[in-house]
Amino acid sequence: MSLDESLVSRFVGGLRVAVIGAGPAGFYAAASCFKVKDLPIHVDMFERLPSPFGLVRFGVAPDHDKIKSVSRVYDKIASHDNFRYFGNVEYGKDLTLEDLLSHYDHVIFAVGTQGDRALNIPGENLEGSVSAREFVAWYNGHPDYSDWKIDLSAKAVVVVGVGNVALDVARILAKTTDELKPTDIACHALDQLRESKVEDIYILARRGPAQVKFTLHEIKEFGDFENATTSVRPEDLELEPGSAAELERNKLAKRNFDVLQSFSETVHTSSGRRVHFLFKTSPVEISGDGQVESMKVVANKLEEQEGGYIQSVATDTFKDIPCGLVMRSVGYRGTPLAGLPFDEKRGVVANTNGRVVDAPGGAQIPGLYVAGWIKRGPSGVIGTNKPDAQETVKLMLEDSASREPCENRSPDSIVELLKQREVDFVDFARWERINAHEVAQGEAEGRPRVKLPTAEDMLKI
Ligand code: NAP
């Protein structure tokens, strides 16, 4: 990208950009800023937690270490001369929108999604019905979940949904602690999983095996457990014409299907854990006396809609699955941010291609942008956030032509403000010390790291 000269002369010293959120989208937004030629862009990144990397640290499953190595790319971005990191700074508490707009020419929110889609069925809020997002945050050592309680004394668990998150949580429940120990799983989770009584894990898909959302690598792992077997009911693999056509068209869907087919011959034994995929099955009600005891499910048939979408339609065949734990894994949802309009329908900050607008489809609010899941919703893999952030930054630069430079242009003034407010912010060098501490603790135990469980523990380093 190159820019016209008037911009360079107006934003003396370069453009000042605040990025809120230190996950993949935030880092890719910073990287896009640093690719701009002719105009220096200074990026200050603010993160509520002391540690950066968002879902790479707290979302990616502990046994998916390779995916986590993307943090090295973010380390490199953080080493840019024009980058500063401010961890342990909470938007809306330590800094307001007004503070940001007076110190930065543009603000990009890349805070991800902090909520869950609901099932909207009776019993959803019973004790023992949890969201996969909470379980993931807990086993990944997210500081907000260090005291979270989960009862793993149930023999049967139902996981609702067939996206990659559903597979992550089911896999963590199915694995032995010997399989999990060499990972960076939180110590509290490993201790509790060691005592787990879970024997049967039911994964419910409302549609068929041709409509799954998970990816090939993730489903293949279900054939490789040390002490668990995976089954698919052969009748679930009988395809109606719409699904058969889908597999003809979509090679990835066909490869997923082939793996599922290989599970149809599984004969579960009484030893070891058993994972059961139940396709064309929807939850209807969760029941129990204060605590989850069973789930009523309905068998679905599939119907092709206009446009080719394969829809599940409930039949009148019901069944009860006795279970003590339900994990709802039907998608994340954004939550509103102070001072920003929210699009309730999509569960994201109201925006058009990353420009924040005053209402869905409405007028742009100058200076405010979004990137990542709070922009487009919870979809795609980590790399998807790169083009997404590039799009936002491109529009932000276009808008700079009509933007007045912010009032406080000194890089020191935000530091002064945070100090005045006694915010114990973590810069990148301090994060690197926290990181080195965790890695050293891990080395002693043959693990990639031992995560510090709370923000206070991190701040002590
Ligand atoms: P997702 O991929 O959108 O999957 C959501 C699942 O929930 C779908 O199977 C959906 O079925 C189902 N569902 C939605 N509403 C339902 C309802 N009312 N009743 C029953 N089922 C319902 O979401 P996700 O698993 O949370 O993943 C979010 C994103 O993160 C995805 O892009 C995913 O690939 C990514 N991710 C990637 C990895 C990885 O690369 N290893 C790991 C974790 C997450 P329908 O299809 O019928 O709507």
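**Charge pairs, ligand and pocket**

Tutor: Asp-44 and Arg-16 form a salt bridge, with their closest N and O atoms 3.9 Å apart. Keep in mind that this is a predicted model.

Student: Where in the chain do Asp-44 and Arg-16 sit?

Tutor: Asp-44 is in strand β2, residues 41–46. Arg-16 is in strand β1, residues 15–20. They are 28 residues apart, so the pair links distant parts of the chain.

Student: Why would such side chains pair up at all?

Tutor: Side chains of opposite charge can pair when their charged atoms come close.

Student: How many salt bridges does the structure hold?

Tutor: The count is 32.

Student: OK, ligand now. Which residues come nearest?

Tutor: Val-162, Arg-206, Arg-207, Glu-218 and Gly-380, out of 22 residues around the ligand.

Student: How much of the ligand does the protein cover?

Tutor: 85% of the 920 Å² of accessible area that the ligand has on its own.

Student: Which helix gives the most to the shell around the ligand?

Tutor: Helix α8, residues 164–174, with three residues.

Student: And what is the shell made of, by class?

Tutor: Nine nonpolar, seven polar and six charged residues.

Student: Switching to the second largest pocket. How much space is in there?

Tutor: About 340 Å³. It is lined by 16 residues, and Lys-68, Ser-69, Ser-71, Asn-435 and Arg-449 are the closest to its centre.

Student: Which helices supply at least two residues each to that lining?

Tutor: α3 (54–58), α4 (65–68), α5 (71–78) and α17 (428–445).

Terms used. Residues numbered from 1 in each chain as written. Predicted model: local features only at pLDDT ≥ 70, side-chain atom pairs only at ≥ 80, totals over all residues. Heavy atoms only, no water. Near = heavy atom within 4 Å. Areas by Shrake-Rupley, 256 points an atom, 1.4 Å probe, with all protein chains shown as cover. Helix = DSSP H or I, 4+ residues; strand = E, 2+ residues; numbered from the N terminus. Nonpolar A, V, L, I, M, F, W, Y, C, P; charged D, E, K, R; others polar. 1 Å grid on protein atoms, 1.4 Å probe; cavity = no way out; pocket = protein on both sides within 12 Å on 5 of 7 lines; lining within 4 Å. Points joined across faces, edges and corners; volume = space filled by probe spheres on them. Salt bridge = Lys/Arg side-chain N within 4 Å of Asp/Glu carboxyl O.
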